[in-house]
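Please open the model in the viewer and follow the stops below in order.

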Amino acid sequence: MIEAAAVPGGALDGVTILDLTTVIMGPYATQMLGDMGADVIKIESPAGDPMRHMQPTKSPGMAALFLNTNRNKRSVALDLKQPAGRGILFRLAAQADVLIHNLRPGPLARMGLSYERLREANPRIICCGARGFGEGGPYRDKPAYDDLIQAASGMAALGGRLGPEPAYMPSILCDKVTALSIVNAVVAALFHRERSGHGQTIEVPMFETMAAFNLLEHMNGHCYDPPVGKLGWARIMSPFRKPFRSKDGHVSLIPYSDANWRAFFEFAGRPELARDPRFLSMSARVEHVDALYGLVEAIAVTKTTAEWIAFGDRSNVPAMKVIALDELWQDDHLAAVGFFEDHRHPSEGPMRIAPTPLRFSDSPVTVRRLAPRLGQHTREVLAGAGLAEDEIDRLAASGIVTTGA
């Protein structure tokens, strides 16, 4: 068990980020930026990020989901509904490199937190708006959660292809994919600023991000004008594309190249199928993908999962056991690469985390601090911004800031 401590040297060491995001998408993005070395200051309302109050939790305001999306951050509890609170935010923005928020245009305007005003305080600041829908369209003021974006972007319709009704993926996929886009955008903007000296504003909309994500392969021949063929990549859309039942479990089998398929049919005792015109080439296999995967389904059940994995390893045919979530804790590969880390949280005790799995040779990803309690760093951050102790006391007494231990 190790204590999380300040370890300098991350790729973003020296970058200060004001994090005004809540729930999952934004906090996950800012956590990754924090893991890469940025000093992330999480600006929370006096009630705190709603994720603090989810279940399960060991103590009030420190839910497991919050702990898993808010490490490497300092918490400042600040009432932005009050003019004095917004004044403090602008003082912090004057010294920050990046501000990230997930406010819709309406609330953003009512609070007076426009990019123009932030730029007056700091011409070099980068302001990233993580939104549900792009500001230029009719959906701009709609609320957005992962389920809604799965529905709007085509994801739920894709999820329903194996059943009679549309279905949500059992993962907050839209939140997490968009979080990765936020990280990419912020790092690119920082690089641009190093070259130009100028900050800028960034919009990262969930709906458009996921529409592009889903259409990457499924636009297919509709990238041509006029379109060629149907929407959807045939192999991915096949109802037979699934983990296959083996003799004792389930296995993912993905023979891909011509050589892979010849080896697969030989091992299956069906070498004649390698000469079947339907399966001789990749284009032929795509055309007859349902028939091909139907054969794989029938063949897979004739051998154990271990036999399929051994065959794949020696023949260079992609094969993998279907691993349940609760088996990841004991996975040999994850153990070998040191995937999980054990830490001791100051208030929550021992905990295990899955850190950002990037490997930098000279600027390592680190866990320097675990998720903060609400307002834990208010005094520290405000003092660093030049506020005197008695001024912080007055702000706390008026409810504009909240200090915590």
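A crossing of two helices is called right-handed if the near helix is turned clockwise from the far one by less than a right angle, and left-handed if it is turned anticlockwise. The model shown is predicted.

Begin with helix H1 (residues 25-35) and helix H8 (residues 173-196). Their axes lie 8 Å apart and meet at an angle of about 45°. Because angles under 35 degrees count as roughly parallel and 65 to 115 as roughly perpendicular, H1 is oblique to H8. The crossing of the two is right-handed.

Next, display the side chains between them. From H1, select Met 25, Tyr 28, Ala 29, Met 32 and Leu 33; their counterparts in H8 include Leu 180, Ile 182, Val 183, Val 186 and Val 187. By class, this contact comprises 11 nonpolar, 1 polar and 2 charged residues.

Now select the open sheet of 7 strands, ordered E6-E5-E4-E1-E2-E3-E12 with mixed pairing. Strands E6 (201-205) and E12 (401-402) form the edges; each has a single partner strand, so one side of each lacks a neighbour in the sheet.

Helix H3 (residues 83-93) lies across E1, E2, E3, E4 and E12, running at about 150° to E1.

Finally, colour by domain: the assignment gives domain 1 (16-213 + 340-402) and domain 2 (244-321). Their C-alpha centres are 45 Å apart.

Definitions and conventions:
Residues numbered from 1 in each chain as written. Predicted model: local features only at pLDDT ≥ 70, side-chain atom pairs only at ≥ 80, totals over all residues. Heavy atoms only, no water. Pairing = 2+ DSSP bridges. Helix = DSSP H or I, 4+ residues; strand = E, 2+ residues; numbered from the N terminus. Contact = heavy atoms within 4.5 Å. Axes fitted to C-alpha atoms, helices over the stretch in contact; angles between N-to-C directions. Domains from an automatic or database assignment. Parallel < 35°, antiparallel > 145°, perpendicular 65-115°, else oblique. Nonpolar A, V, L, I, M, F, W, Y, C, P; charged D, E, K, R; others polar.
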